[in-house]
Amino acid sequence: MLTFISRRLLQSLFVMLAVSLIAFALFRFVGDPVAQMVGQETSIEDQERIRERLGLNDSIPTQFVRFIGKLASADFGYSYRTRQPVSEMILTRLPATLELGFVSLLISLLIGIPAGIYTAIKRGGALANTLLVTTLVGISIPTFVIGIFLIYLFGVKLGWLPTFGRGDTIALGWWKTSFLTLDGLKSMLLPALTLGVYQLTLTMRLVRAEMQDVLKTDYIKFATARGINYRSLYFNHAFRNTLIPVITIIGLQLGGIIAFSIVTESVFQWPGMGLLFLDSIRYVDIPVMSVYLVLIAMMFVIINLIVDMLYFFIDPRVRLASEAN
Amino acid sequence: MALLEIIGLTVKFPTRFGNFTATNNVSLEVQAGEIHGLVGESGAGKTTIGAAVMGLLQSPGYIGSGSINLAGENLLALDNNQYHRVRGNRISMIFQDPQTSLNPLLTVADQLIETIRQHSDVTADDARTQAIQLLEETGLSDAKQRIDDYPHQFSGGMRQRVVIALALCTQPELIIADEPTTALDVSVQKQILALIRTLAKDRGVGFILITHDIGVISEITDQVTVLRSGRVIESGDTRQVLMQPTDNYTRALMAAVPRLEQRLHRFNNIVTDDSIIDGDDHWQVDGASAKLASDWLLSGHQSSDTGTTASTTPVLAVKDLEVTFQSGQPGWFQSRSGVKALSNINFDMHAGEVLGIVGESGSGKSTLAKSIVGLVDPSAGELRFRGQPLPPGSKRHRKHPVRREIQMIFQDPYSSLNNRLTVEQIIAEPIRFYKLARNRAHIRQLVASVLELVEMPQRAMLKYPHQFSGGQRQRIAVARALVARPDFLICDEPTSALDVSIQAQILNLLKDLQEAFGLSILFISHNLAVIRQMTDRLLVLKNGKLVEISNTDRFFREPAAPYSQQLLRETPSLSHLNAR
Amino acid sequence: MFTALRRYAIENELLYLFLHNRIAQLAALVALLCLGGAALAPWIAPYDPYDIASIDLLDSLLPPAWSEDGDTRFIIGTDDQGRDLFSAILYGTRLSLLVGLLSIGFASILGITVGVLAGYLGGRFDSIVMRIADVQLSLPAILTALLIDGIARGILPRESHDNLMIVVLTIAIGLSLWVNFARTARASTFVEKSKEYVQAAIIMGMHPLRIMVVHILPNILGPLMVILTIDLAVAILLEATLSFLGVGVPPNQPSLGTLIRIGTEYLFSGEWWVVLFPSLTLIIMIVAVNILGDFLRDALNPRLR
């Protein structure tokens, strides 16, 4: 277990290092950091002084090491656009994105997995076929079109739900949550649905494909030949064997959710990190871009680590192989 | 009353070529305590009968007509839920590959206890006790300790015992065993067959044993039904059917089975390969003929034989050969550890000789072949080809002459031909690559001629590999090896993927070619009977070590090493049919 | 028993399955129509939406021809600047498909080359490529595309940025999708390399490049075609999303995403057609491509039959 995890950690470290390098290159080489920080009227000498103070005249490796040191101590610098500390900007927006992502993941798994199992078992059935066609349309509709449609239907035509922003939130320390007010929950519904639909169809198609593969295996045939009841056959025998690929993809999907939250947040003006990132792209706000990049990669790495550890508990082959080492 | 009675069973599969009849009006009976063999080549419908009895026909297959009665009850009248209660409870099944027939995520105990409790009302503890008893009965000596292990912790033979325990744990009246020993080595096969025999006798379970292996049939079945293309050819007492077959097909089949106890000059009474190659029968390339190919091949040999090598120099000399495989990836802090696939191998091979290599899976047979052709680098030792040192594969120049002189014929004719090239392109490739022909027309002529030499119609060159049967594909593979004009041929299990009747044809062809061109052949097989038919001398490998080198005839009379004796003893043979 | 049948002609079988699959045929027809409409847009569009001279602001936001205030000159109405929506959609589809196809072309060539090499050579090259793919995978496609776009904005001066936007988009989308091709090509190459026909070619002493091109590549085209089709849908979707977010193609050359973005601003005041028709076109096009992708995957996957 220890060697297994340490190897994974090493790989994660590599990924983080690579992403930091990209972020650093972004920061250092895309546009002139000093020109962005100061106004037009600052003299060349002053600029040079700032340059010296920021250490931009040091060798590139030294700068990179310093960059990483700063990242590690959560010193993310200042936004070119708002002149605020990036860490502060991100911290105020992080809860919004995480809560949105969490709810949509919940939607996608709670509906997607059972629907996927159902369509695999009832292959060719009327409901299963309808569901399948629906998912095909589901993965084909761009997230923003779904958002627009939902806004039009529930916000404009029916007027049931808010279509803009987070609504009322309650602060728990620095974390502002939507979960504790009715208005917050109502505001959450449409964006979460928008973000969840695509992931839901993906989950369902994946679970279905994996289930179908497993149902063709010899051990399922053998279990059928032994007369194991269908419920146990499908859930205890078959579904359990699909868990490894399914968990892998769910891990990847979490990344997808965070990425597509950029779109959803833009449609619903949801004050999260995605919107922040989008603005930073529009205004070439490099510090925000690079920090966002590093944060996303870090989330991804953590998710992957958790996924790997889950393998460990699900699959005895992985578990016993590492014990043997 | 018979335990199982199949009457006029016809199973059909709708395909895009119309309805395919998998079994046609098949009738047979199985008594309690009897082992009934179903034997036939691929496409005979054996497996379909088993699946039909289980009620688990693969969709879109369906039963067109007939009935299946278990102890007088018509199973086909049951609805799906009722049928599902029969499965496991009254009929059970053993699959071919123990590697894939157990759920990898559940322990053996989980799987056994669940099955037992599915069909009888016992507590988990009682079920566990039963499960341990069963595992002991099927030959798992330390069942108590091992019952909580996962399937991947057992060896292949042990897994098959677990599978049998699972099939038995609900005390079914009938067990269908579909090729239960095909994936196992002979020594394990012998034990598993003995176990099935005992279970049938002691428990009075009826067995349907599905196999392509006549040796297995003769070893343990009481009754046998011979099938071909979905029809029953003949049925009856095993000894009767195998010794005095009344049908021509059965006779031809029996003649094609290689025997341990005698060497035949050629197999005769061959079953014709009835897969049709369509197209114009008279299609021909100008001037192409088997004679042309034969002359061309012989002229190539003379030129290479007039070298400086004296005929006494062995064509291949292997000295202290050792091959080590690195296990897994090297860690960050640990050095690489290796597994010795071959160690301390020494032998000489003479020109024109056929040398056999025998061994069970994992013995290093294929590794030996691979290190000669350069796919695997030896870690120590030396190879010499016609007296010249043979560099290891990674250092062997791409233009090294030995790359033409040694050719290889592989096991699986479905993977040894590139499906995206025509047969002409496949066979022409070596001719072009080694620059053996004068011009395009000549290449085309040679390809057609060589095809005829391996007894294929010339028009086969216009088609793609997937349009041929396994046997025909293997002929194409032989043709591809031949056109390089090799002196030395390595055949790695060239017939293990083929049906017996096709195997006989390919073996005959190889013998003809060997005689005509004086080829030296290294012939690898796990099948002792095939080795006996083909080789002059043989060497026995076990776990990467040389056990015995011997003249083939002497080996089968008086094997020297204890392992060889055991191997011979355990190989199913038809000889006891005479003795019994 | 069916192995012989199953091995029969992948090509013929594909054709057979296609001829017996109405939905796939319909999807192919729709895809062809989109492609045709896009390719022939300058000839079949009633107006040139890029031609400012032909646009009259008085015609802006006219509803479809069949509604009360409709104008027969504009079948499905006009947008906020008075452009004929039908023409704009044709040109928009042209742009969307162009970017989609170009970026998939770029991604597939890059990915397949790298993937086949990695799968065949193994060793250090393979592990480096796979590590890069890991890093890339930890950044979702849309993020990568946005990022590359952002970098391009930072590096290129404003004017040339707008002109080069299609190139930037193609590279951004292409780079975010190459990993799929590389991984598939690598895995398939790995399988093919262990097959005996490739071993035979290696034994012969054939040059590795020749083995990869003549023997391996034709045999791994099946799975690659599936990825190609499915990722074409993803590429079109990505382009639309980027344009919708306002970081894609410049507004004077609207793609479908840009049209939808413009349309949303008028949706709430009741001008539904401006957003509806481009959205429908986009969805129908992507559904068609996805149906074809699904069809190919099922048809080429023997395990599902």
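Reader: What is the mean pLDDT of chain A?
Author: Keep in mind that this is a predicted model. In chain A, 95% of the residues reach a pLDDT of 70 or more. The mean for chain A comes out at 83.

Reader: Which element of chain A has the lowest mean pLDDT?
Author: Let's look at both ends of the range. Helix α9 (residues 218-225) of chain A has the highest mean, 92. The lowest, 68, belongs to helix α2 (residues 33-37) of chain A.

Reader: Okay, what separates the centres of domain 1 and domain 2 of chain A?
Author: The domain assignment puts domain 1 of chain A at 2-72 and domain 2 of chain A at 95-324. Taken over C-alpha atoms, their centres are separated by 33 Å.

Reader: And which helix gives the most to the side of domain 1 of chain A that touches domain 2 of chain A?
Author: Here 15 residues of domain 1 of chain A meet 15 residues of domain 2 of chain A. On the domain 1 side, twelve residues come from one helix, the top contributor: helix α1 (residues 2-29) of chain A.

Reader: How many charged residues does that side of domain 1 of chain A have?
Author: Sort that side by class. Ten residues are nonpolar and four are polar. The charged count is one.

Reader: Where does the largest share of the side of chain C that touches chain B come from?
Author: The contact takes 21 residues from chain C and 27 residues from chain B. On the chain C side, α1 (3-6), α10 (196-204) and α11 (208-219) each supply at least two residues. The largest share, seven residues, comes from α10(C).

Terms used: Residues numbered from 1 in each chain as written. Chains lettered and ligands numbered in written order. Predicted model: local features only at pLDDT ≥ 70, side-chain atom pairs only at ≥ 80, totals over all residues. Domains from an automatic or database assignment. Contact = placed C-beta atoms within 7 Å. Helix = DSSP H or I, 4+ residues; strand = E, 2+ residues; numbered from the N terminus. Nonpolar A, V, L, I, M, F, W, Y, C, P; charged D, E, K, R; others polar. pLDDT = per-residue confidence, 0-100.
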